[in-house]
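Here are my notes for a first look at this structure. Please keep the model open while you read them.

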Amino acid sequence: MITVKGISKFFGELKALDGVSFEVEDGETCAIIGPSGCGKSTLLLIMAGLLKPSEGEVLVDDRAVNSPLKNAALILQDFGLFPWKTVYDNVALGLKIRGFSRRAERERVTALLEKFGLKGFEKSYPKQLSGGMKQRVAIARAIAIEPQILLMDEPLSSLDALSREEMQNFLLNLWKETKTTMVLVTHSIEEAVFLGRKIVVLTERPGRVKAVVDNREAGDESYRYEEVFFERCKLLRQTIRAT
Ligand SMILES: Nc1ncnc2c1ncn2[C@@H]1O[C@H](COP(=O)(O)OP(=O)(O)OP(=O)(O)O)[C@@H](O)[C@H]1O
């Protein structure tokens, strides 16, 4: 379980976050949404152990996070792929760092590329791929190390609407299959409702928790066509707008 406890963050005089607290259960999906500049990315970096909070703490399984989380993977908006490495080498990166044998690495990477619809692109370079494919490479690389926690900062924002929906389905199915704890920062109300079984709404900067919306109905591709989905989007829109 991830416990975010009274997190505040100052950058010099600027207060980015103010006493943010919430919890994400094991195997849960949590979306974080809020106005531009309210501290969402900052919060995610603090959760990943890559940035120190000014106040408060993050606990993973009751242990305080004081250094980069080893059992977590972080996916950023611009995919973070190395342009000079092939698809295979990009996906294999985390395994190489962790000292996997060549054979174990090849087995895992090959299986992932197949699963992610990237078979045949092993030797391609990121610039030869579409946005959706690049994003799949980034996700494959992140989950190659079998993280317990997947932290994503607006991972789908640079995709067109159709690829974006496809990738949302993809992430949902990945979650159903692996039950990895997922935390997703997004600007999109529909994406938050589709993917986040818990939705944390932040206020304008300094980001505080405005509401935590229970959205346990999420979890199936068909959810986006259901009445309760539309109702939840409406509620979320009102919650974000409310002063
Ligand atoms: N390293 C930094 N040094 C100084 N200020 C920073 C730093 N990182 C973030 N900030 C400031 O903190 C505030 C929150 O930034 P952050 O990127 O976390 O917001 P966000 O909600 O993710 O924004 P967006 O939705 O636009 O991506 C902003 O005002 C930003 O300028």
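1. Start at Gly49. This residue sits just after helix H1 and takes a positive phi of about 80°. Bear in mind that the model is predicted.

2. Now step back into H1 itself, residues 40-47. Is this helix mostly covered or mostly exposed? Mostly covered: six of its eight residues are buried. The buried ones are Lys40, Thr42, Leu43, Leu44, Ile46 and Met47.

3. Next, the sheet. Six strands form an open sheet with mixed pairing. Their order is E6-E7-E8-E3-E9-E10. Strand E6 (72-75) and strand E10 (209-214) are the edges, and each pairs on one side only. On average, neighbouring strands are turned by 15° against each other, direction ignored.

4. Look at one pair within that sheet. Strand E3 (residues 29-33) runs parallel to strand E9 (residues 198-202), and four bridges join the two. Here Ile32 stands opposite Val200 in E9.

5. Which helices pack on the sheet? One is H4 (residues 131-144), which touches E6 and strand E7 (149-153). The direction of H4 makes about 165° with that of E6. Another is H7 (residues 227-241), touching E3, E9 and E10. The direction of H7 makes about 170° with that of E10.

6. Last, the annotation. UniProt, in an unreviewed entry, places the feature "domain: ABC transporter" at residues 2-229. Over residues 2-229 the chain is 33% helix and 26% strand. The end C-alpha atoms of that stretch are 26 Å apart.

How values were computed: Residues numbered from 1 in each chain as written. Predicted model: local features only at pLDDT ≥ 70, side-chain atom pairs only at ≥ 80, totals over all residues. UniProt positions renumbered as here; feature names shortened; annotations may be inferred. Pairing = 2+ DSSP bridges. Axes fitted to C-alpha atoms, helices over the stretch in contact; angles between N-to-C directions. Contact = placed C-beta atoms within 7 Å. Buried ≥ 20, exposed ≤ 12 C-beta atoms within 10 Å, placed from the backbone.
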